[in-house]
Every structure is written in structure tokens, then in C-alpha cells.
Amino acid sequence: MYFSESIKTLISTKIRKLELNDRWTISRNSSDFKENVFVKLEKDGVTGYGEAAPNIRYGENAELTEKMIHQCSESLLHLDLFNYTQVKDILDESIVAQNCAKAAVDMALMDWISKSKNMPLYKMLGLDADKTPVTSYSIGIDKLDRIKTKTAQASDYPILKIKVGTHNDEEIINAVRSITSKPIRVDANEGWKDKETAVKKIEWMQTRGVEFVEQPMPAMMLEETAWLRERVDLPLVADEAVMNTADIPLVAEAYDGINIKLMKAGGIQETLKMIHSARAFGLKVMIGCMIESSIAITAAAHLSSLVDWADLDGNLLIKNDPFCGVKVSHGRLILNDQPGMGVTGPW
Ligand code: MG
């Protein structure tokens with residue numbers, strides 16, 4: 001069969017170093033920068049953009065991610081990209097164990113399709129940009145005086161997400177509470193290693209105006225988490241315990257909600273499936289992120305009108321975001337009405 005050059009799909013990648021405003025510390029590690037992989041998908045004079053944020057927790061790194069993207073690009077060469085569910089099947093078959101690579105290609109694909117149709121992505125998906133939620137703003141583990149400063153600097157954000165799961169969680173929460181009485185959510189990132197510790201920590205947090213607790217114990221400790229849920233009043237939200245749709249029936253036995261991230265799910269299409277599946281199990285839904293530029297954050301923001309809670313602040317935590325997309329006004333996510341994801345910036 002003969003294909004002219006013009007109908008070919010071209011995929012190119014670039015690794016960029018995203019530098020964090022402050023050293024980013026969670027219960028398991030610290031970092032000063034992240035290396036993300038950017039994808040450009042070109043066909044018929046239209047360009048779609050995507051981003052992968054490889055995460056060591058899931059065995060991902062930038063080099064492997066880039067390799068996976070190039071490995072699958074051959075199979076996309078002559079496909080009808082508008083048939084995006086078929087493209088997803090191919091991505092699911094050809095990219096194994098680097099879900100963020102899949103996310104980057106799927107994001108570029110959905111950007112490309114909505115640009116080709118000359119409409120914003122949210123509109124193509126039948127969603128309402130006026131219903132985007134307020135995002136929380138994250139405060140990493142740090143010295144107590146830095147936590148107080150960061151809390152004061154975050155005065156424009158109505159909801160904070162505080163990283164805990166360390167030896168002085170109570171001091172961290174008290175430091176935040178010495179500055180503000182606004183709603184806070186906490187994320188232990190699997191940091192409480194036994195159920196007795198977790199129940200004590202959460203019972204105390206219930207008295208400190210905490211709205212919910214994310215990933216209190218290790219993802220593997222499902223039974224212990226179900227035990228914990230019986231004993232505390234705050235909702236428990238799964239993050240590390242849930243990657244994609246297939247994980248939802250099991251986590252529904254121990255958690256009240258799930259934190260869905262494009263990077264774990266493997267893209268926009270799987271994220272949509274997860275949101276609807278989670279609803280079928282009566283779960284609350286959060287849309288979250290890794291440390292990401294405005295490309296991936298904007299992609300997630302396009303889906304955010306479907307969720308209960310948003311935590312889309314990864315781009316706000318870096319100092320060299322090359323791109324412009326979704327804006328934040330007093331915490332509220334504001335999408336523009338440009339075709340595709342509406343992201344601009346230098347390739
Ligand atoms: Mg989390």
C-alpha cells in the first residue's frame with residue numbers, strides 16, 4: 001500500500017529538566033528537579049503536544065519512557081488518528097510498565113484531534129469549562145518555619161494539601177494551623193506503616209480541620225486500610241493503591257475515594273474510564289498530578305469538571321515551566337477556549 005508523506009504521523013520527543021521552586025519532599029523521597037519527557041505529534045499540518053512525568057515509585061525514568069514512546073510511534077504511523085479508541089488499544093498493547101509514556105502519547109493524540117476539529121478538548125469531550133473545580137495547593141515536608149512561610153505565601157489558594165507521613169506530622173499540621181484555618185487535606189504517601197499508628201494520627205487530624213486523608217498506609221496494605229476505614233470518620237483516598245480501571249473494584253473495598261492521575265492511568269481516555277467506573281462503585285473522585293509542566297496539568301484540567309476534588313498544582317511548584325495553558329484564579333482552574341488543550345510555548 002502506498003502512503004503519501006502528508007498522511008504520516010510523526011512523533012518526536014524531548015527531555016526537559018523541570019526545576020522545583022523548593023526542594024520537594026514527601027514521605028519517601030526528596031528532589032530538586034524532575035526530568036519529564038515531552039511529545040510532539042504531527043500530522044496533516046496539525047501538531048498535538050503531550051508530556052510524561054516518569055515516577056520512580058512506578059519504576060519509570062525519562063530514558064525508558066522516551067524509548068517506549070519511540071517504540072510505539074512506528075505502529076501509529078499510518079493509523080486513522082480520529083479512531084482514538086483503536087489508538088488506545090495499540091498503546092495498551094505496545095507500552096508496558098511505563099504508563100506515563102502512554103499518557104504522553106494519548107494526550108498528544110487528544111490535543112491533535114481536538115485541534116483538527118477546531119474545538120477545545122473539553123468541548124470535544126462534552127464537558128463544561130464553567131464547572132472546573134478549585135485546585136488544592138500542595139505543601140511538601142519541610143522545616144517547620146519553611147512550612148509556615150509556604151502556608152502564608154499560599155494565601156491565594158483556598159484549599160491546601162499538606163504532605164505528612166513522617167516523624168513530626170502533628171508539628172507540621174500545627175505549623176500550618178498557626179497560620180491559617182482554611183480547609184486542609186493531608187497526604188501520607190504510604191508513610192504510616194501500621195494500622196495502629198494510622199488510626200491514632202487520623203483521629204488526631206479529625207480535630208484539626210482535615211477534610212480527608214490520602215494514602216495513609218502502603219498500597220499493599222488493603223486489609224489494614226479497610227480495618228482503618230471502619231474506625232475513622234475522615235474519608236480515605238487511594239493514590240499509590242490505584243493505577244487504572246482494573247484496580248478500582250479492589251480499592252473500593254478499603255477506600256472512600258481515588259486520586260486519578262493521567263500519568264498512572266496512561267492518558268486522558270483511561271482517566272475518563274476510571275472516573276465513570278469509580279462512580280459505579282460509589283467512590284469520590286480526585287484528579288491529581290505529578291510534578292508536571294502546564295501541558296499535562298492543562299490536559300487534566302480539561303477533565304476536571306467531572307471530579308469532586310482537584311489537585312492540579314504541579315506546574316505551580318516549578319520555576320521554569322516552558323508552557324502556558326490553564327490559569328488559576330483564587331484556586332479555581334480557568335481553561336481558555338483555544339482549539340485542543342489550548343497550551344502554548346516553545347517546543
Ligand atoms: Mg498522593
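This is a predicted model: local features need pLDDT of at least 70, side-chain atom pairs count only at pLDDT 80 or more; totals for chains, interfaces and linings use all residues.
Reader: How many bridges join strand 1 to strand 2?
Author: Twelve bridges join them, and the two run antiparallel, with strand 2 covering residues 30-43. Strands here are DSSP runs of E with at least two residues, helices are runs of H or I with at least four, and both are numbered from the N terminus. Two strands pair if DSSP finds at least two bridges between them.
Reader: Which residue is the bridge partner of lysine 17 in strand 2?
Author: That is glutamate 35.
Reader: And in what order do the three strands of the sheet come?
Author: The order is 1-2-3, in an open sheet with antiparallel pairing. Strand 1 (10-25) and strand 3 (46-52) each have a single partner strand, so one side of each has no neighbour in the sheet. From one strand to the next, the twist averages 25°.
Reader: Which helix packs on the sheet?
Author: Helix 3 (residues 99-116) does, touching strand 1, strand 2 and strand 3. Contact means heavy atoms within 4.5 Å. The direction of helix 3 makes about 155° with that of strand 3; axes are lines fitted to C-alpha atoms, for helices over the stretch in contact, and angles run from 0 to 180 degrees between N-to-C directions.
Reader: New topic: what domains does the assignment give?
Author: Domain 1 (2-118) and domain 2 (124-334), with bounds from an automatic or database domain assignment. The contact takes 39 residues from domain 1 and 42 residues from domain 2.
Reader: How many salt bridges does the rule find across that interface of domain 1 and domain 2?
Author: Five, counting a side-chain nitrogen of Lys or Arg within 4 Å of a carboxyl oxygen of Asp or Glu. On the domain 1 side, the elements giving two or more residues are strand 1, strand 2, strand 3, helix 2 (84-94) and helix 3.
Reader: Last one: where does proline 346 lie?
Author: Proline 346 is in the segment after strand 13 (332-334). Not counting residues up to four places away in sequence, proline 346 touches Arg16, Pro322 and Phe323.

Methods:
Residues are numbered from 1 along each chain as its sequence is written. Side-chain values use heavy atoms; hydrogens and water are left out.
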